[in-house]
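The following exercises concern a single protein model. Please work through each task with the sequence and the structure at hand before reading the solution.

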Amino acid sequence: MEKFVWETAEEINKNLAKRIRNIRRRRRISQERLSEISGVSLGSVKRFESTGNISLLSLTRISIALDLADEIRNIFTEVPYQSIEEVIHDRK
């Protein structure tokens, strides 16, 4: 069975940026302060929050600065099986 992707990559990135921005705001951290503590340029922080575009390294640095490193570490740890054959194979 095929899965349908309902969001584009750009939409997923924008939603991720929105979540990060909301976390930053709830913690009362300015973009300038986030830039300082993460080592990511202020321009990159602003661009990320407005467009969702950022390098993986900068996203990781921002995540660490916001104490979200575990979220990055665990991003693909719960990968579902594609078929029953995979489940059977892994149990051997």
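**Exercise 1.** Determine whether leucine 56 is buried or exposed, and state which helix contains leucine 56.

*Solution.* Step 1: leucine 56 has a relative accessible area of 62%. Step 2: buried means under 20% relative accessible area, exposed over 50%, and partly exposed in between (1.4 Å probe, protein chains only). Leucine 56 is therefore exposed. Step 3: leucine 56 is found in helix α4; helices are DSSP runs (H or I, at least four residues), numbered from the N terminus. Step 4: from C-alpha to C-alpha, leucine 56 lies 9.9 Å from isoleucine 72, which is 16 residues away in sequence.

The model is predicted: local features need pLDDT of at least 70 and side-chain atom pairs count only at pLDDT 80 or more, whereas totals for chains, interfaces and linings use all residues. Residues are numbered from 1 along each chain as its sequence is written, and side-chain values use heavy atoms, with hydrogens and water left out.

**Exercise 2.** Classify serine 63 as buried or exposed, and state which residues serine 63 touches.

*Solution.* Step 1: serine 63 belongs to helix α4. Step 2: serine 63 is buried, because its relative accessible area is 3%. Step 3: leaving aside residues up to four places away in sequence, serine 63 touches Leu68, Ala69 and Ile72; contact means heavy atoms within 4.5 Å.

**Exercise 3.** Explain why the buried residues of α3 line one face of the helix, and identify what covers these residues.

*Solution.* Step 1: helix α3 spans residues 42–51, and Ser44, Val45, Phe48 and Glu49 are buried in α3. Step 2: viewed down the axis of α3, the buried residues fall within an arc of 130 degrees, so they line one face of the helix. The arc is that of the directions from the helix axis to the C-beta atoms. Step 3: the cover over these buried residues includes α1 (9–26), α2 (31–38) and α4 (56–65). Step 4: just after α3, glycine 52 adopts a positive phi of about 90 degrees.

**Exercise 4.** Locate glutamate 71 and isoleucine 75, and decide whether glutamate 71 is buried or exposed.

*Solution.* Step 1: glutamate 71 is in helix α5, and isoleucine 75 lies in the loop between α5 (69–73) and α6 (84–91). Step 2: glutamate 71 counts as exposed because its relative accessibility is 57%. Step 3: isoleucine 75 is likewise exposed, at 54% relative accessible area.

Terms used:
Helices (H or I, at least four residues) and strands (E, at least two) are DSSP runs, numbered from the N terminus.
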